[in-house]
Amino acid sequence: MCSGFATIAGSVLVAYIAIGVNGQALISSCVMSIPASLAISKLRYPETEETLTTGRCVIPDDDEHRSANSLHAFANGAWLGLKIAGMILATLLCILAFLGLVNGLLTWWGRYLNINDPPLTVELVVGYICYPLAFLLGVPRNGDLLKVAQLIGTKLVVNEFVAYTSLQTDPAYADLSPRSRLIATYALCGFANLGSLGTQIGVLSQIAPSRGGDVSRLAVSALIAGALSTLTSASIAGLLVTDQAAYTSPSVSG
């Protein structure tokens, strides 16, 4: 679960490259985030007992869900895919609707506090919370700290696609330094956001119905651990990469 939140899929990788994000930085971020997610997940949920699969892996027979023939297997697979798609859609809509409700209440309350430009939203609050994180990642203190923190907050609350689109097209982020843009590119490269939280709960609960309670109980912790794994990769990239402009320029194909 933590590795899923810390990385991105190949399908969206192509979309990010298409909008101008450097593909080399995206791929290297995913490669670094995988071992980082394993380390952080073990710190968050350490194994205190000997695992059942130590030295061997025994898969028990499941006679209840055994298919009688290939046609039965196709039907079961189609039904499982339909249930997963429905669960993802329903969970995602519920989380985004709840987020919209909270944003509406915060904006309404922010008007009484004279917080109108920008309006008070969850993204704004999380952006300011991420301000010290951006500082710890090594973002230069030349006005880029708040911008990178707001991008990280947008990624955590909405999704990374919106954050990458803002990074590449929003004029407010056009003056980011090459170092800040590099760190932001690595820090945004992950599925750790509220929408993906519903997606992962829906998928894993349908694949393993008996572990649905465990998945729901650990989902938020896995999201936080995945986000930390991605930020760890961003900090390593900011520390080691010297030719930062080469990683922040748009990819050139052909």
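Which residues is serine 29 in contact with, leaving aside its neighbours within four places in sequence? They are Tyr186, Cys189 and Ser233. The model is a predicted one. Its protein chain has twelve helices and zero strands, and 38% of the 254 residues count as buried.

**The chain as a whole**

- From the N terminus on, every element in the run α-α-α-α-α-α-α-α-α-α-α-α is a helix, with zero strands in the chain.
- Among contacts between residues at least 6 apart in sequence, 73% join residues at least 24 apart.

**Serine 29**

- Serine 29 has its place in helix 3, which covers residues 23-44.
- Serine 29 counts as buried because its relative accessibility is 0%, and buried means under 20%.
- One of the residues that serine 29 contacts is Tyr186, and Tyr186 is among the buried residues of helix 9.

**Helix 2 and helix 3**

- Helix 2 (residues 10-18) packs with helix 3 (residues 23-44) at an angle of about 150°, and their axes are 9 Å apart.
- Helix 2 is therefore roughly antiparallel to helix 3, since angles over 145 degrees count as roughly antiparallel.
- The two helices, helix 2 and helix 3, cross in a right-handed sense.
- On the helix 2 side the meeting residues are Leu13, Tyr16 and Ile17, and on the helix 3 side they are Gly23, Leu26 and Ile27.
- By class, the residues of this contact between helix 2 and helix 3 are five nonpolar, one polar and no charged.

**Helix 8 and helix 9**

- Helix 8 covers residues 160-169, and helix 9 covers residues 178-187.
- Helix 8 and helix 9 pack at an angle of about 165°, with 10 Å between their axes.
- This angle makes helix 8 roughly antiparallel to helix 9.
- The crossing of helix 8 and helix 9 is left-handed.
- Tyr164, Leu167 and Gln168 of helix 8 meet Arg181, Ala184 and Thr185 of helix 9.
- The contact of helix 8 with helix 9 is made up of three nonpolar, two polar and one charged residues.
- Helix 9 is mostly covered, with eight of its ten residues buried.
- The buried residues of helix 9 are Ser180, Arg181, Leu182, Ile183, Ala184, Thr185, Tyr186 and Ala187.

**Aromatic rings**

- A search of the whole structure finds three aromatic pairs.
- Tyrosine 16 and phenylalanine 161 form a tilted pair, at 5.9 Å centre to centre and with 35° between the planes.
- Tyrosine 16 lies in helix 2 and phenylalanine 161 in helix 8, so this pair ties together parts that are 145 residues apart in sequence.
- Tyrosine 16 is buried, with a relative accessible area of 1%, whereas phenylalanine 161 is partly exposed, with a relative accessible area of 40%.
- Tryptophan 108 and tyrosine 112 form an edge-to-face pair, at 5.4 Å centre to centre and with 80° between the planes.
- Both tryptophan 108 and tyrosine 112 lie in helix 4 (residues 70-112), where they are four residues apart, about one turn of the helix.
- Tyrosine 112 is exposed, with a relative accessible area of 63%.
- Ring pairs also link Tyr16, Phe161 and Tyr164 into a cluster.

**Asparagine 193**

- Asparagine 193 has its place in the loop between helix 9 (178-187) and helix 10 (194-207).
- Asparagine 193 is buried, with a relative accessible area of 2%.
- Not counting residues up to four places away in sequence, asparagine 193 touches Lys155, Leu156, Val158, Asn159, Glu160 and Leu223.
- Glu160, one of the residues touched by asparagine 193, belongs to helix 8 (residues 160-169).
- The C-alpha atoms of asparagine 193 and valine 220 are separated by 9.9 Å, and the two residues are 27 residues apart along the chain.

Conventions: Residues are numbered from 1 along each chain as its sequence is written. This is a predicted model: local features need pLDDT of at least 70, side-chain atom pairs count only at pLDDT 80 or more; totals for chains, interfaces and linings use all residues. Side-chain values use heavy atoms; hydrogens and water are left out. Axes are lines fitted to C-alpha atoms, for helices over the stretch in contact, and angles run from 0 to 180 degrees between N-to-C directions. Angles under 35 degrees count as roughly parallel, over 145 as roughly antiparallel, 65 to 115 as roughly perpendicular and the rest as oblique. A crossing is left-handed if the near helix is turned anticlockwise from the far one by less than a right angle, and right-handed if clockwise. Contact means heavy atoms within 4.5 Å. Ala, Val, Leu, Ile, Met, Phe, Trp, Tyr, Cys and Pro count as nonpolar, Asp, Glu, Lys and Arg as charged, and the others, Gly among them, as polar. Rings of Phe, Tyr and Trp (its six-membered ring) pair if their centres lie within 6.5 Å; planes under 30 degrees apart count as stacked, over 60 as edge-to-face and the rest as tilted. Buried means under 20% relative accessible area, exposed over 50%, partly exposed in between (1.4 Å probe, protein chains only).
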